[in-house]
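The exercises below are meant to be worked with the sequence and the coordinates side by side. Try each task before reading its solution.

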Amino acid sequence: MKKLIAGNWKMFGHGGEAMGFIEEVRTKLGGAAPKADLLICPPATLVERFVRYVKELPIAIGGQDCHVKPNGAFTGDIAANMLSEIGATYCIVGHSERREYHKEDHATVKAKAQAAIDAGLIPVICIGETLHERADGKTLDVLKAAIKGSLPDSDKIVVAYEPVWAIGSGMTPSREEIAEAHHALRRMTVPGVRLLYGGSVKPQNAKEILSIPDVDGALVGGASLKAADFLAIVEACP
Ligand code: PEP
């Protein structure tokens, strides 16, 4: 199976950047098939535009969050079916920034992932330990609890292992630590589920990270905002 390189644009980007990004990707790919499956998750305001811009390019577009309900009086929220209606095919759920700033727990993340599946989207479910939990030797226990608590019973999902302390920090776990976590996650998940690593993936470290066994791709934040960096990570796929 091809690796999946997913970009999380977080709350960055306006229309001009979206168009510039896609045009650069189009030019650089020059009609060639990319070495990985590609996904960009822009802010909700750009999902529809991205879907339009990527026409004929092999890039999937996803949301960064969805509500657990298909509709209702939830001001400011977006239902998964609203994302699928405008052409999204994936949705990130349970990112550590949502868990931290919006107090999302495993039960909420699981319900969001199920809502995404019900709307025909593939949820990218994020899990990972804090620095304290790692220092206390609790990483595998944390991952086990996250798998049990945040994953719906489905193989139509992607799991992103994102150590909270590695996100946006420039720090990454060692090769052995990533291998250990992914090996454990492989045993804890249904066959066929893609396991992405996320946390400070850059063109400089992508080759090493993407060569680790059981790493089926990467969820990339900061480095996904520049087409050249994003494509360099794609090119680093074995
Ligand atoms: C992320 O936001 O999921 C992420 C991994 O960010 P960064 O690559 O910037 O660490």
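**Exercise 1: two helix pairs**

In helix H1, the residues Gly15, Ala18, Met19 and Ile22 meet Leu46, Arg49, Phe50 and Tyr53 of helix H2, where contact requires C-beta atoms, placed from the backbone, within 7 Å of each other, and where helices (H or I, at least four residues) and strands (E, at least two) are DSSP runs numbered from the N terminus. The residues of this contact divide into six nonpolar, one polar and one charged; Ala, Val, Leu, Ile, Met, Phe, Trp, Tyr, Cys and Pro count as nonpolar, Asp, Glu, Lys and Arg as charged, and the others, Gly among them, as polar.

Residues are numbered from 1 along each chain as its sequence is written. The model is predicted, so that local features need pLDDT of at least 70 and side-chain atom pairs count only at pLDDT 80 or more, while totals for chains, interfaces and linings use all residues.

*Task.* Determine at what angle the axes of H1 and H2 cross, and then describe the crossing of H7 and H8.

*Solution.* 
1. The axes of H1 (residues 15-29) and H2 come within 10 Å and cross at roughly 25 degrees, the axes being lines fitted to C-alpha atoms, for helices over the stretch in contact, with angles from 0 to 180 degrees between N-to-C directions.
2. That angle makes H1 roughly parallel to H2, since angles under 35 degrees count as roughly parallel, over 145 as roughly antiparallel, 65 to 115 as roughly perpendicular and the rest as oblique.
3. H1 passes H2 in a right-handed crossing, the term used if the near helix is turned clockwise from the far one by less than a right angle, with left-handed used if it is turned anticlockwise.
4. For helix H7 (residues 139-150) and helix H8 (residues 175-188), the axes come within 10 Å and cross at roughly 30 degrees. H7 and H8 are therefore roughly parallel to each other.
5. H7 passes H8 in a right-handed crossing. Thr139, Leu140, Leu143, Lys144 and Ile147 of H7 make the contact with Ala181, Ala184, Leu185 and Met188 of H8, and these residues divide into seven nonpolar, one polar and one charged.

**Exercise 2: positive phi**

*Task.* Find where glutamate 56 lies and where aspartate 214 is found, and decide how each of them is classed, buried, exposed or partly exposed.

*Solution.* 
1. Glutamate 56, although not a glycine, has a positive phi of about 75 degrees, and its place is the loop between helix H2 (44-53) and strand E3 (59-63).
2. Glutamate 56 counts as exposed because it has 7 C-beta neighbours inside 10 Å; a residue is buried if 20 or more other C-beta atoms lie within 10 Å of its own, exposed if 12 or fewer, and partly exposed in between.
3. The C-alpha atom of glutamate 56 is separated by 9.5 Å from that of glycine 31, 25 residues apart along the chain.
4. Aspartate 214, another residue other than glycine, has a positive phi near 70 degrees and sits in the loop between helix H9 (203-210) and strand E8 (217-220).
5. Because aspartate 214 has 17 C-beta neighbours inside 10 Å, it counts as partly exposed.

**Exercise 3: residues and their surroundings**

*Solution.* 
1. Phenylalanine 50 has its place in H2 and is buried, with 26 other C-beta atoms within 10 Å.
2. The C-alpha atoms of phenylalanine 50 and glycine 87 are separated by 9.2 Å, although 37 residues apart along the chain.
3. Valine 68 lies in the loop between E3 and helix H3 (80-85), and with 20 C-beta neighbours inside 10 Å it counts as buried.
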